[in-house]
Amino acid sequence: MGIAVVGSIGLDTIQTPAGRVHEVLGGSAAYFSLAARHFMPVSVVAVVGDDFPREARALLDQPDVDLGGLEVQEGKTFRWEGVYSDDMNTRATIRTELNVFERFDPQLAQRTRSLRNVFLANIDPVLQRGVLEQLDRPRLVLADTMNYWIRNKRDELMETLKRVRILIINEEEAREVTGEALTHKAARAILSLGPETVVIKQGEHGAFLQGPEVFFTCPAYPIETVIDPTGAGDSFAGGFVGALARMTRVNDHNLRRAVVYGCVLASFAVEGFGVSGLAHANRDAILARAEAIADMTRFSLSDTARILR
Ligand code: AMP
């Protein structure tokens, strides 16, 4: 029982109105694993260079995170640098250095091949497919991507999407993939590219889920002090995939609950630089925020018919 994740592990340099950090642990698979481990063990499939600092590895080396599939190759680790606007709603990528990811050819260990759940986190869609092809009998295949891959490897991404059951994607990226200006239309257009369900992440506005028969929207958990939004999307995916993988059936009820856990894990991620915010997530804190969201969104229409003229 567990989730395989392929994605980036790297060193991020991040500037937000709250400050700046230089080469801290980052990457889509790092945030995903540290969020999803609260639900189910995670096996990381990724690569770092021989310059990957011991302190960064220690942050990742947590209970229920299997690092057996984290290869160390000669060369430099993946690096990314981003700067956020004053309201933190937009960020500019200053540089992306793929480094060892450029020649990475993931080879899964036997115990990883038998895992039934896989998350193809944001990374080259060719690598995403490489991992998918090595799994014996995947049940839940979920994926994410970002503008970098939409622009640079569109055809490969389309090929990967044909084999994805649930796509988790940002709203701007959903628009970019489909060419639809309206997010809801973009979501429905994605359903014709392969996925049976899509989850659209909307930053501080939460997320919504669109399937053939279900539509569900969930607000973000309100955080007083946002320090660094980096990794919120990957942490959302960790909460969503982790919760869904724990449930035996993928149905309307369970999909809705998984979105709530996604929003909860994202809320921890933004409370500190890098992965430090996720360190405060634990069973009780996660449950308390999920209950707060249930309370925030609860309402009844009983008796309201009489207020209509
Ligand atoms: P998020 O804020 O959830 O979109 O994810 C941010 C993380 O994505 C950072 O930790 C980056 O290291 C990582 N990242 C940025 N660009 C890429 C890319 N082109 N491929 C893979 N990972 C990336």
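Colleague: How far is an oxygen atom of the ligand from a polar backbone atom of Gly233?

Modeller: This is a predicted model, in which local features need pLDDT of at least 70 and side-chain atom pairs count only at pLDDT 80 or more, while totals for chains, interfaces and linings use all residues. Residues are numbered from 1 along each chain as its sequence is written, and side-chain values use heavy atoms, with hydrogens and water left out. A polar contact is a pair of N or O atoms within 3.5 Å (within protein, one must be able to donate a hydrogen and the other to accept it, and residues adjacent in sequence count only if both atoms are side-chain atoms). From the polar backbone atom of Gly233 to the ligand oxygen, the distance is 3.2 Å.

Colleague: What percentage of the ligand's own accessible area does the protein cover?

Modeller: On its own the ligand has 500 Å² of accessible area, by the Shrake-Rupley method with a 1.4 Å probe.

Colleague: Which element gives the largest share of the shell around the ligand?

Modeller: The ligand is surrounded by 18 residues, each with a heavy atom within 4 Å of it. Strand E7 (78–84), strand E8 (91–97), helix H5 (147–152) and helix H9 (232–246) each supply at least two of the shell residues; helices (H or I, at least four residues) and strands (E, at least two) are DSSP runs numbered from the N terminus. The largest share, 3 residues, comes from H9.

Colleague: Which element gives the most to the lining of the second largest pocket?

Modeller: Residues that line this pocket include His38, Phe39, Arg246 and Tyr261. Two or more lining residues come from each of H9, helix H10 (252–269) and helix H11 (283–296). With 3 residues, the element that gives the most is H11.

Colleague: Is Glu23, with its positive phi of about 50 degrees, buried, partly exposed or exposed?

Modeller: Glu23 is not a glycine and sits in strand E3 (residues 19–26). Buried means under 20% relative accessible area and exposed over 50%, with partly exposed in between (1.4 Å probe, protein chains only). Because its relative accessibility is 26%, Glu23 counts as partly exposed.

How values were computed. 1 Å grid on protein atoms, 1.4 Å probe; cavity = no way out; pocket = protein on both sides within 12 Å on 5 of 7 lines; lining within 4 Å.
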